[in-house]
Each structure stands twice: as structure tokens, then as C-alpha cells.
Amino acid sequence: AATGSLPPSRGGHAAVAVNGDLVVHGGAHETSRRRRGGGYYNTPTGTLSDMWSFSVATLSWSQIVASTRDELNPQARHGHVAVYMERDETILIHGGCTGSPSNTLSDLWGFKVPTLAWQQLKSEPGDRLNAAAVAAQARRLMLMFGGRRW
């Protein structure tokens with residue numbers, strides 16, 4: 001069983017592998033259930049901006065606290081993408097939304113793992129919600145596919 005403080009439950013978060021550990025960013029609490037057609041679906045009731053690391057070696061969770069001031073950090077989001085750029089030791093996050101799917105984001109942020117600092121970067125792809133992304137390490141690119149624009 002995992003030890004340490006556990007992150008709050010969530011969905012729509014982004015996760016990346018960093019040096020063999022799992023790092024989770026953002027997401028939304030999904031506690032409100034609504035009926036649609038013949039079934040139910042969960043709706044976000046609180047968007048998150050926190051970041052957590054799960055150590056595979058020790059099976060423990062720990063919260064990652066950024067060294068930058070809150071106003072210099074990305075806003076809470078879910079439905080975003082993340083990749084880890086090994087050479088730069090940076091987690092990139094892009095897009096998602098702040099709550100309602102109509103509030104999609106087009107921003108790109110870099111989180112420097114050694115310094116725990118966020119930095120807003122120039123973003124080209126525009127707003128995206130629920131896209132997929134991979135890191136093309138040799139070319140130092142984040143490649144995205146799909147997603148929804150509102």
C-alpha cells in the first residue's frame with residue numbers, strides 16, 4: 001500500500017514519468033454525477049492546480065510545492081496535456097480548461113524539476129481540451145494530436 005500524504009481523488013489530470021517516478025498535475029474532483037441518456041457521467045466540482053509525485057522505489061506520495069509565487073504559477077486546470085523533456089529537465093503542460101469546457105486554455109508552461117520553478121512559455125497550438133501529447137526528445141518538441149476546441 002502507498003504511504004505518505006495521499007493526493008485528493010481526481011480525474012482529467014495530466015501525468016508524466018520523471019526519473020522513474022510518476023508526477024501528477026492538476027485535474028478536477030469528480031463527485032457530482034449527472035444523468036445523460038441511459039447512463040451517468042461525472043462532472044468536475046473543483047479544479048486543481050497541485051502537483052504530486054509517486055516514488056516507485058518507496059511506494060510513497062509527496063506533494064511538490066513550486067518555488068515560484070502563486071501568481072507566477074499556471075491556473076488550476078483539467079483536461080490538459082503534459083510531457084517531460086529529459087534534456088531540459090522540464091515538465092511542459094498545455095491547455096485544458098478552468099472548470100467549464102467553454103473556458104479552454106491555450107497557455108504553455110514549463111516546470112523546471114531541479115528548481116521547482118514554473119515559467120510561462122510562448123504557445124502556438126491554441127486552446128485544446130482533452131488532447132494527447134508525446135515528447136519527441138531528439139527534436140525537443142511536444143507533439144499534440146486531437147483535442148477539442150470550444
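Two strands are said to pair if DSSP finds at least two bridges between them, and strands themselves are DSSP runs of E with at least two residues, numbered from the N terminus. All views show a predicted model, in which local features need pLDDT of at least 70, side-chain atom pairs count only at pLDDT 80 or more, and totals for chains, interfaces and linings use all residues. Residues are numbered from 1 along each chain as its sequence is written, and side-chain values use heavy atoms, with hydrogens and water left out.

**View 1. The hairpin of strand 11 and strand 12.**

**View 2. A nonpolar surface patch formed by V134, L141 and L143.** Together these three residues have about 250 Å² of accessible area, as calculated by the Shrake-Rupley method with a 1.4 Å probe, where only the protein chains shown count as cover for residues. A patch is made of residues with over 30% relative accessible area and no salt bridge, nonpolar side chains (Val, Leu, Ile, Met, Phe, Trp, Tyr) being joined within 5 Å and like charges within 9 Å. L143 has its place in strand 12 (residues 141-145), and this residue counts as partly exposed because its relative accessibility is 45% (buried means under 20%, exposed over 50%, and partly exposed in between, with a 1.4 Å probe and protein chains only).

**View 3. The salt bridge between D50 and R10.** A salt bridge requires a side-chain nitrogen of Lys or Arg within 4 Å of a carboxyl oxygen of Asp or Glu, and the whole structure contains 4 of them. In the pair of D50 and R10, the closest N and O atoms are 2.8 Å apart. The pair links distant parts of the chain, with D50 in strand 5 (residues 46-55) and R10 in the segment before strand 1 (14-18), 40 residues apart. D50 is buried at 14% relative accessibility, and R10 is buried at 16%.

**View 4. The salt bridge between D107 and R77.** Here the N to O distance is 2.8 Å. D107 lies in the loop between strand 8 (90-94) and strand 9 (108-112), and R77 in the loop between strand 6 (60-64) and strand 7 (81-85), so the bridge ties together parts that are 30 residues apart in sequence. D107 counts as buried at 13% relative accessibility, and R77 counts as buried at 0%.

Note on methods
Helices (H or I, at least four residues) and strands (E, at least two) are DSSP runs, numbered from the N terminus.
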